[in-house]
Amino acid sequence: LRTFIETGVALDSKLCRDLLISIFYPGSPLHDGAAIVQGDRVAAAACFLPLTLNPQIVSTFGTRHRAAIGVTEETDSLALVVSEE
């Protein structure tokens, strides 16, 4: 995931509820993009992930979902998608 971590803001912070709420609070500088968690640490936030190019993916899926699929196609990571709604 190093390539994707480098696209965001390095944090290397202990994973906790309050940190994730702060990262994904609307209007926060880190709000857009992915948070990458490794073990019990948030490695980086505001990271860009690759979008899937699979033509069989339903066209109603948005960028967030396509990025989650894309990163799992290119790495052995687990992607968790969280909706704002």
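Colleague: Helices here are DSSP runs of H or I, at least four residues, and strands are runs of E, at least two, numbered from the N terminus. How many residues does helix H3 have?

Modeller: H3 has 12, residues 63-74. This is a predicted model, where local features need pLDDT of at least 70 and side-chain atom pairs pLDDT 80 or more, while totals for chains, interfaces and linings use all residues. Numbering runs from 1 along each chain as its sequence is written, and side-chain values use heavy atoms, without hydrogens or water.

Colleague: What span does H3 reach, first C-alpha to last?

Modeller: H3 reaches 16 Å, close to the expected 16 Å. The expected span is 1.5 Å times one less than the number of residues.

Colleague: Which residues of H3 are buried?

Modeller: Arg66, Ala67, Ala68, Gly70 and Val71. Buried means under 20% relative accessible area, exposed over 50%, and partly exposed in between, with a 1.4 Å probe and protein chains only. The buried residues of H3 pack against helix H1 (2-5), contact being heavy atoms within 4.5 Å.

Colleague: And Ile5, buried or exposed?

Modeller: Ile5, which is found in H1, has a relative accessible area of 17%, so it counts as buried. Leaving out residues up to four places away in sequence, Ile5 touches Ile36, Gln38, Ala43, Ala44 and Cys47.

Colleague: Changing topic: how much space lies in the largest pocket?

Modeller: About 1,100 Å³. On a 1 Å grid over the protein atoms alone, a pocket is an open set of points where a 1.4 Å probe fits, with protein on both sides within 12 Å along at least five of seven lines; lining residues have an atom within 4 Å of a point. The volume is the space filled by probe spheres set on the points, which are joined across faces, edges and corners.

Colleague: Which residues are closest to its centre?

Modeller: Of the 29 lining residues, Phe24, Gly33, Ala34, Ala35 and Leu80. H3 gives the most to the lining, five residues.

Colleague: Last one: how many salt bridges are there?

Modeller: Two, taking a side-chain nitrogen of Lys or Arg within 4 Å of a carboxyl oxygen of Asp or Glu. Asp12 and Arg41 meet at 3.1 Å, N to O. That pair links distant parts of the chain, with Asp12 in strand S1 (residues 9-14) and Arg41 in strand S3 (residues 41-47), 29 residues apart. Asp18 pairs with Arg17, the closest N and O atoms being 3.4 Å apart.

Colleague: Is Asp12 buried or exposed?

Modeller: Asp12 is exposed, at 51%, whereas Arg41, at 32%, is partly exposed.
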